[in-house]
Amino acid sequence: MNQTKRKIQDLRSAEIAAETRGDIDLLIELKEERLLLELEIVRFAKKTDKKEVIFKPQKIKDIKSVSMEKIGLDYVPFIKGAYNVLAGLGGSGKSAIALKSLLLWLKCNPKKQGLAFFTEDGRDEIVSRAEMICSNSNLNLDLIDRINFICLDNDDRIKWVESGKNGYKIREDYIRSIIDYCLDNSIEYIILDPLKRFHRLSENSNDDMDILVRDVFTKIAVDTKAVVLVLHHSSKGENGGARGASTITDSARVAWQIGRYFIKGSDGKLTENLEKKGKIKLEIIKDNMGIEQLCRIRNKEDKSIDNPLFSGGFNASPIETEFESEPYMPDIF
């Protein structure tokens, strides 16, 4: 091909000389030969153009694995670098459990920070909750200074995924901004409370929820290597699990559900079980990382952990973990 290019340059020089002498016939002959050679180069270039490669499998040795660190094994375990779920009815203690989990992690990781979207709580409520948790759990309240908050008092109310007549639209610029902020500030624990705040999709549609949890929540978790803990409401009813499409929990690495203990009286009405007053069930509903087995070993003798907002006395509300029984979630909230 280099030889052809040199031939073209020689023909150009010969054309100039022929034109100078006024030899039109030779000029036409030289130009035709040059154009044919240039066409040959164009055809060769087109034939060897690199096509865009879309499908890109790799050998196992070349694949960079995403960290799947188990954290919180002494409290409520979650997976770092992954999407996690904590489901429960309103007022069941999801936010307090999530906040204590984050504070405990920050205590063990002094150079890291957290990000908490508590979009149903105001600043004062969050501070009060943190004070109770730290007081009852022997934690330094200064840990809260390493948490970045979005709450009722500063919520930007931006939906991460919009829907409309032309389908859905992910706010890619906003998601990228969150990821960059987390990377710049060493944030590796993110709480999103509640799930419904972050989208305008149908929570009953597996297709819609798959977009949210796969293309948004999981992307953030993988790109930041953070725990992404999404708090979600449970369905009402006796056997209520996480509300909405099954992919909300199916796509999580670990999904927990919390609930309270109730008994049915002779009149058929449900009342709180006084023997377990203030205790809350903590049941694992999705686990493909061996978390449930770790919890069984840890809670072999005592299947309860303390409610972060109470300590001591009859009003204490330890959270009781029960793995063998099905949760009883009455429609009373």
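1. Basis. This is a predicted model, in which local features need pLDDT of at least 70 and side-chain atom pairs count only at pLDDT 80 or more, while totals for chains, interfaces and linings use all residues. Residues are numbered from 1 along each chain as its sequence is written, and side-chain values use heavy atoms, with hydrogens and water left out.

2. Strand 4. Helices (H or I, at least four residues) and strands (E, at least two) are DSSP runs, numbered from the N terminus. In strand 4 (residues 113–118), 5 of the 6 residues are buried, so the rest of the structure largely encloses this strand. Buried means under 20% relative accessible area, exposed over 50%, and partly exposed in between (1.4 Å probe, protein chains only).

3. Pairing. Strand 4 pairs in the parallel sense with strand 8 (residues 187–193) over 5 bridges, and with strand 5 (residues 147–151) in the parallel sense over 5 bridges; pairing requires at least two DSSP bridges between the strands. Leu-115 stands opposite Ile-190 in strand 8 and opposite Asn-148 in strand 5.

4. Salt bridges. The whole structure contains 19 salt bridges (a side-chain nitrogen of Lys or Arg within 4 Å of a carboxyl oxygen of Asp or Glu). One of them joins Glu-125 and Arg-129 (3.2 Å, N to O); these residues are 4 residues apart in helix 4, about one helical turn. Glu-125 is partly exposed at 41%, whereas Arg-129 is buried at 9% relative accessibility.

5. Arg-200 and Glu-162 meet in a salt bridge (3.0 Å, N to O). The two are 38 residues apart, with Arg-200 in the loop between strand 8 and helix 6 (206–224) and Glu-162 in strand 6 (residues 161–164).
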